[in-house]
Structures are given as structure tokens and as C-alpha cells.
Amino acid sequence: MKESHIFKRETLVQQIELESNWDVIIIGGGATGLGVALDSVTRGFKTLLLEQVDFAKGTSSRSTKLLHGGVRYLAQGNIDLVKEALHERGLLLKNAPHLVSNQSFIIPNYSWWDTIKYTIGLKVYDALAGKLSFGKSIHIGKKETLARLSTIKEEGLKGSVLYHDGQFDDARLAINIAQTAIEQGATVLNHFKVNRLIKDSNGMVMGVVAVDEETKVTYSLNSKVVINATGVFTDEILKMDNSKSKNIVRPSQGIHLVLDKSFLPGKNAIMIPKTKDGRVLFLVPWHDKVVVGTTDTLLDSHSLEPKALDKEVDFIISTANHYLTKKVSKTEVLSIFAGLRPLAAPSDKSEKTKEISRSHKIIISKSELITITGGKWTTYRRMAQDTINKAITIGKLKKSSCKTKSVKIHGAIASNDKVQHLYIYGSDQEKIQRLIADIPELGERLHERFPYTKAEVIWAIRNEMARTVEDILARRVRTLFLDARATLEIIPMVAAMLAEELNKDELWEQQQIKEFTNIANQYVL
């Protein structure tokens, strides 16, 4: 059965060939940009989003996979940020139940004072969630802690506090938001790079010049408002606007290691609230693996493929080993990934990223370019609402109220059966099963170490705007983040499927294999 053509690249590119005047053009297809596109189109504005590589290619696919208020921000006294994030977490569970789940976290306590402190602190966390609570926190004794966490260090353990937070698949949510925006009438394109801004005679931004990275065709596109939502690339767009502009973003690197489920059997996640350098460490069950992170390392530069530093890897392994009885070694790391947070650059030389702002910031340039930066995945919808509200306030768009609190994300169905791996597709699940029914060989698994099938690859190409092997294996089917070595083994097979679907030649296919092999090797420790 053929799916609707609305997600086909030809259809989307045709829309910009036929229309050169837009209400809103968004540069950047991460969580923030996609959120802005959905907010904008649902208010009735003619909306175009352009992403230079792929949706969530940068920071938005490299998170700790949590939707949370931030217990740490509570400890810092940032009540408003926590309250806003807990509210947004609740909305996401309603609007994308196929991707968001209620995850129980355990904070092991090795001193009585910690037990008291975290029991009281998490009661405040519960209260701030109000009606959208994920469940009450409770103190549990040593015996039950050990029953729930069979690999936790017993020596000195006094008990623990159990609380609830959100867990999700970040890149899958990004893809589904892109699909939702298109279904609502937006034009959303990946592999489309903005090279410069168009200005009128008064120096006001009135559009962009962008190139289709596949065909190399350049387009001039006019817009009432241009929004810069490019994360760690924010300053590059600001310099297109004004070459003398000062850097406003300081990238902070966070790395994660992915381990086998045997390091944390059971359903509970672990939160270590204070490591030896004051950071928080999470061990979270995710797609039948365990994600361990993160770090907070201020960098002076940024790239599309950041690399984990040796000291970051050592920090995570030694901290995990301080709390686990099953010891982690480098050879047991299945995948390693690094992401860059776009923190608002401090005015002084503060090296403590914990003190640099985590809340979002909207900046209006003299040219009326709007920049949205900072924030976190959990609050992406609120960030988008604030951004479009700002465009209305400065007179760029007509007044229209925000609709996204109740907009269901593509695929949204409430499913308690999250055992079978296809649950992540929500309402698209049965269409993938129909593909397999029509062509049984599509039911074959990609690799013995993955549950994923060939049908999911075909689905990603036809309906999820995947254009490269990396788009498929990093952000549609998440193999790169789960087991990098097994991923290396399936690259040629996936490249052949993609080349056939997109009608590309042998040379293109070999180039795809080469490019993605280089990237995938960086995820092997």
C-alpha cells in the first residue's frame, strides 16, 4: 500500500518552487526549530523550515533520553524552570504517548542525611507537577532497593528514594514533529542549507538564500519573519546577519555510553545526584540497553560530529563503577555518543556550566532576525510558543493564539504494550506490518543483535524523509546509538536498499557506505 505523498521530497521541493513568499522561515531542524514550525503552522501562518543536514542531526538526537523537570535545577532553587518543565513533560505524555513513557528512578542513599534531603526535595518536585504528576515519590528501604537494583553497591547503602520522570526517544520525536508540521500544512525540508540572509534597503531581514544539497539548486525565498533556531550553530547565522556580531552561545559537551542491559536489569533507572565533581549521573534503560551519562565540558568550538574526550569517558566509567557491582570496562561499551548543548555564553569567564543558563532566550537583532537559543528538549513546545508570540509582539505577524498544547503528534496512540519494539511507531505500526504482509522478506531482521526489520528501513525512506544511510541508522532506526559495531556490519545492505528506493547508481551507493562508515567508527570506543 502506497503512503500519502505529502512526505515525499519531490512534493516538498515543489512547494518552494511554486511559492517564494512565506510568513515564517525557520532555519534549523532540531527540537527547537521543529517546535517553532509546528506552532507557526497551527496558528495559520505559511511556514517553511530548512535543515542543513537532517532533523535532530545535532544535539537533539544526543540527549540523555529524559523528559524531566530537572531535580538538579530544583536543588539550585530554580523553581520556575522546574515547574514549567514538569508541565511540558505532562503535555508530552498526552500528545505523544507512543514515544514518552513514565520511568521510575531510584536515588540510592549512602548517608541518612541524603535520605532525608532527597525524600523532602522530591516531595517538592511532586507538588510542582500538580495535576500532570507522573506518580508520587517514596522512600524505600535497603532490602527493596537491592531487590529493584540487583547491580547496585550494597556496602554503606541506607535505602533510596524512588521518583517518576519521563523517558523518550529524542530523534523519533523530532521526526514525528516534522511529520505533524507537514500534515498541518508546513513545508519542512532536510538536506537544505541556508547560505545567506536577504535584506531590504533598510537592512531588515526579509528572507533567505538556500541550496538543495541534493540537486545543488539555489532558491531565494522571501518571508515576513526569519527565525534562527540552529542550536550550537546560532552564532554562524548571527554573523550572516552582522559580521561583527559577538558570540552568544558557548557549547557544552555531554557524552553518553551505551551498555548492555545486564548492567542494569529490571525496569528502574538510577540517578546519582552528586558525583565527585558535582554533576548528576543517570543510568537509564532505553531500547533494551542502558544509557549512562552525562558530562558537562565547556568547549571553544563546535562541529556536526563532536568527539568524546578521554577524560569524559574515564569519568563516566569510574563513577558508574563506584556504584555498580558489575564493573564497566571500555570493551563493554556498545556505543558512545557526544552532543553539544547551546548554552547562553556567560559575560565573564565562568567555567562552571552548571551556572550557565539552561533556560531559553529569545534575541531580536537590529535587522529583526529572531534567534531562539538555550532551553532543553522537555520545554521545546513552550520555547516555540514564546518565539512565535515574540514575532507577533514585534509586529511581524498578525495576532493568533497558540494551539500546540492540544495538538497530537504524528503516530500518537496510547499503548501500554511497549514490549514489542514497533510500539515506537504508534499508529504507523500496522502500516509497517502491512508492508511485511505484502512483501514477507521485509520482515527479515537487519542484524541478529537488533529487533529492527528491513520494513522499517523502507518505511523511513518512503514516509520519514530519510535520504542517507546515516539518516536511517542514526535517527529513524536507532542502531548507531545502540550498538555501533553491529551497525557497521549492516551499512552495505541498507545502502543497497536506499539506492534502489531512491533510484541512485552504484557510485552514489559506495559513497554512502564510505561516508557513514567514517561516522559510525567514531561511535565505537
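## Nonpolar cores

In this predicted model, the largest nonpolar core has 109 residues. Those with the most contacts inside this core are L50, L173, V188, V208, L221 and I227. Helix α15 (residues 484-502) supplies the largest share of the core, nine residues. In soluble globular proteins, nonpolar side chains tend to be buried together.

Leaving aside residues up to four places away in sequence, L221 touches I16, E19, S20, W22, I25, L48, L50, I198, M206, G207 and V208. Among these partners, L50 and V208 are also listed with the most contacts inside the largest core.

## Surroundings of G29

G29 lies in the loop between β1 (21-27) and α2 (31-42). Its relative accessibility is 0%, so G29 counts as buried. Beyond residues up to four places away in sequence, G29 touches L34, L49, L50, E51, F55 and A56.

The C-alpha atom of G29 is 17 Å from that of H302, although 273 residues separate the two along the chain.

## Packing of α4 and α5

Two packed helices are described by the angle between their axes and the distance between the axes. For helix α4 (residues 79-95) and helix α5 (residues 112-129), the angle is about 60° and the axes are 8 Å apart. This angle makes α4 oblique to α5, and the crossing is right-handed.

On the α4 side, the contact is made by I79, V82, K83, L86 and R89; α5 contributes Y125, L128 and A129. Six of the contact residues are nonpolar and two are charged, with no polar residues.

Terms used: Residues numbered from 1 in each chain as written. Predicted model: local features only at pLDDT ≥ 70, side-chain atom pairs only at ≥ 80, totals over all residues. Heavy atoms only, no water. Helix = DSSP H or I, 4+ residues; strand = E, 2+ residues; numbered from the N terminus. Buried < 20%, exposed > 50% of the residue type's maximum accessible area, 1.4 Å probe, protein only. Contact = heavy atoms within 4.5 Å. Core = buried A, V, L, I, M, F, W, Y, C linked by side-chain atoms within 4.5 Å. Axes fitted to C-alpha atoms, helices over the stretch in contact; angles between N-to-C directions. Parallel < 35°, antiparallel > 145°, perpendicular 65-115°, else oblique. Left-handed = near helix turned anticlockwise from the far one by under 90°. Nonpolar A, V, L, I, M, F, W, Y, C, P; charged D, E, K, R; others polar.
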